[in-house]
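Subject: Structure for your review

Hello,

Please find the structure below, with the sequence alongside. My notes on it follow.

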Amino acid sequence: MTAPEHQAASAPALRELLQRDGFAFATHLAMERLLEDGSRQAMADWAAFADSWNALGPDDYLAAKGRHRRRRHAVFAAGAAGPFELRPRQPHYQSLDYNNLQGGIERWFEPVLPAIAEGPSLQRILAFARDFFGALAPQVAQWQVEVHQFRIEARAGLAGEPTPEGVHRDGVDYVLVLLVDRENIESGTTTIHTADGSLLGSFTLTHPLDAALVDDARVFHGVTPVMPRDPGRAAHRDVLVVTFRKA
């Protein structure tokens with residue numbers, strides 16, 4: 001199925017798609033309305049938020065050379081309502097069951113900068129995601145929330161790999177993938193699959209705030225490699241990934 005069959009403009013409609021199919025696609029126009037929350041100041045630091053992707057650290061855990069990925073990471077604790085508590089720096093861990101390329105080890109990444117972690121854009125995105133996913137799991141009283149800033153770089157003759165581990169699950173309950181920037185990039189198509197590999201749908205995040213919402217317990221996801229549109233210019237794909245797991 002294609003993106004138009006899996007996109008909606010309202011939170012209830014998006015939740016209905018997620019419940020039905022295990023994933024949903026939200027355009028930037030829909031996300032702008034959902035994130036405004038009645039106030040255009042909700043994302044007041046967006047320019048600085050997006051610019052922070054220029055200061056990500058290298059991903060030193062990539063299992064093969066030539067895969068250019070930069071990132072920062074943070075962990076929050078959150079209840080069903082109230083503030084998000086930034087936890088002390090800690091590693092990102094996935095078992096080999098979920099990541100056969102980089103699983104089974106503690107991966108320490110540079111932390112999300114404090115001004116970004118505490119800023120209105122990220123806090124609003126987190127609040128939206130908790131409200132959205134929490135409505136699907138009202139029994140959850142405490143969430144562990146992980147935030148990943150990713151930059152995938154591509155060069156002439158050398159594709160960037162957003163998901164070098166291939167089609168996978170993250171080992172959490174829910175995932176939000178939000179496009180922040182896309183510069184001189186071709187491809188980068190998100191694909192959604194069943195456990196046996198059958199394709200359920202695909203779409204490409206092309207505009208800042210385009211988003212994918214995924215029920216990680218039900219479906220697998222991946223992103224196709226990206227290449228520079230103009231081989232003579234720098235190329236990158238910046239995304240924010242937020243995962244929610246019952247604490």
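Serine 187 has a relative accessibility of 34% and so counts as partly exposed, a class that lies between buried (under 20% relative accessible area) and exposed (over 50%), with a 1.4 Å probe and protein chains only. Serine 187 belongs to strand 9. Strands here are DSSP runs of E with at least two residues, helices are runs of H or I with at least four, and both are numbered from the N terminus. The phi of serine 187 is positive, near 70 degrees, although the residue is not glycine.

Asparagine 184 is another non-glycine residue with a positive phi, near 60 degrees. Asparagine 184 sits in the loop between strand 8 and strand 9 (185-187). With a relative accessible area of 5%, asparagine 184 is buried.

**Basis of the values**

This is a predicted model, in which local features need pLDDT of at least 70 and side-chain atom pairs count only at pLDDT 80 or more, while totals for chains, interfaces and linings use all residues. Residues are numbered from 1 along each chain as its sequence is written, and side-chain values use heavy atoms, with hydrogens and water left out.

**Strand 8**

Strand 8 (residues 174-183) has 8 of its 10 residues buried, and is thus mostly covered. Strand 8 has antiparallel pairing with strand 12 (residues 211-215) over 5 bridges, where pairing requires that DSSP finds at least two bridges between the strands. Leucine 176 has leucine 213 as its bridge partner in strand 12. Strand 8 is also joined to strand 15 (residues 235-246), by 9 bridges and again antiparallel. There, leucine 179 is opposite valine 239.

**The sheet 11-10-13**

Three strands form an open sheet in the order 11-10-13, paired antiparallel. Strand 11 and strand 13 are the edges and have a single partner strand each, so one side of each has no neighbour in the sheet. From one strand to the next, the twist averages 20 degrees, with axes taken as lines fitted to C-alpha atoms (for helices over the stretch in contact) and angles running from 0 to 180 degrees between N-to-C directions.

Strand 10 (residues 189-193) is largely enclosed by the rest of the structure, because 4 of its 5 residues are buried. Its antiparallel link to strand 11 (residues 199-204) consists of 5 bridges. Threonine 189 faces threonine 204 across this pair, and histidine 193 is opposite leucine 199. The hairpin of strand 10 and strand 11 has 5 residues between the strands, and glycine 197 in this hairpin has a positive phi near 95 degrees. To strand 13 (residues 220-223), strand 10 is joined by 4 bridges, also antiparallel. Phenylalanine 220 is the bridge partner of histidine 193 in strand 13.

Threonine 191 is part of strand 10 and is buried, at 15% relative accessibility. Its side chain makes a polar contact of 2.8 Å with the side chain of histidine 193. A polar contact is a pair of N or O atoms within 3.5 Å; within protein, one must be able to donate a hydrogen and the other to accept it, and residues adjacent in sequence count only if both atoms are side-chain atoms. Leaving aside residues up to four places away in sequence, threonine 191 touches Val167, Leu199, Gly201, Ser202, Phe220, His221 and Gly222, contact meaning heavy atoms within 4.5 Å.

**Aspartate 59 and its arginines**

Aspartate 59 is in the loop between strand 2 (57-58) and strand 3 (68-79). Its relative accessibility is 6%, so aspartate 59 counts as buried. The aspartate 59 side chain has polar contacts with the side chains of arginine 69, at 3.0 Å, and arginine 71, at 3.4 Å. Beyond four places in sequence, aspartate 59 touches Arg69, Arg70, Arg71 and Phe109.

**Rings**

Arginine 71 lies over the face of phenylalanine 109, 3.9 Å from the ring centre. For such a case, NZ of Lys or CZ of Arg must be within 6 Å of the ring centre and within 35 degrees of the ring normal. Likewise, the charged end of arginine 169 is over the ring of phenylalanine 220, at 5.9 Å from its centre.

Ring pairs also link Phe128, Phe132, Phe133, Trp143, Tyr174 and Phe244 into a cluster. Rings of Phe, Tyr and Trp (its six-membered ring) pair if their centres lie within 6.5 Å; planes under 30 degrees apart are stacked, over 60 edge-to-face, and the rest tilted. The count by this rule is 10 aromatic pairs.

Regards
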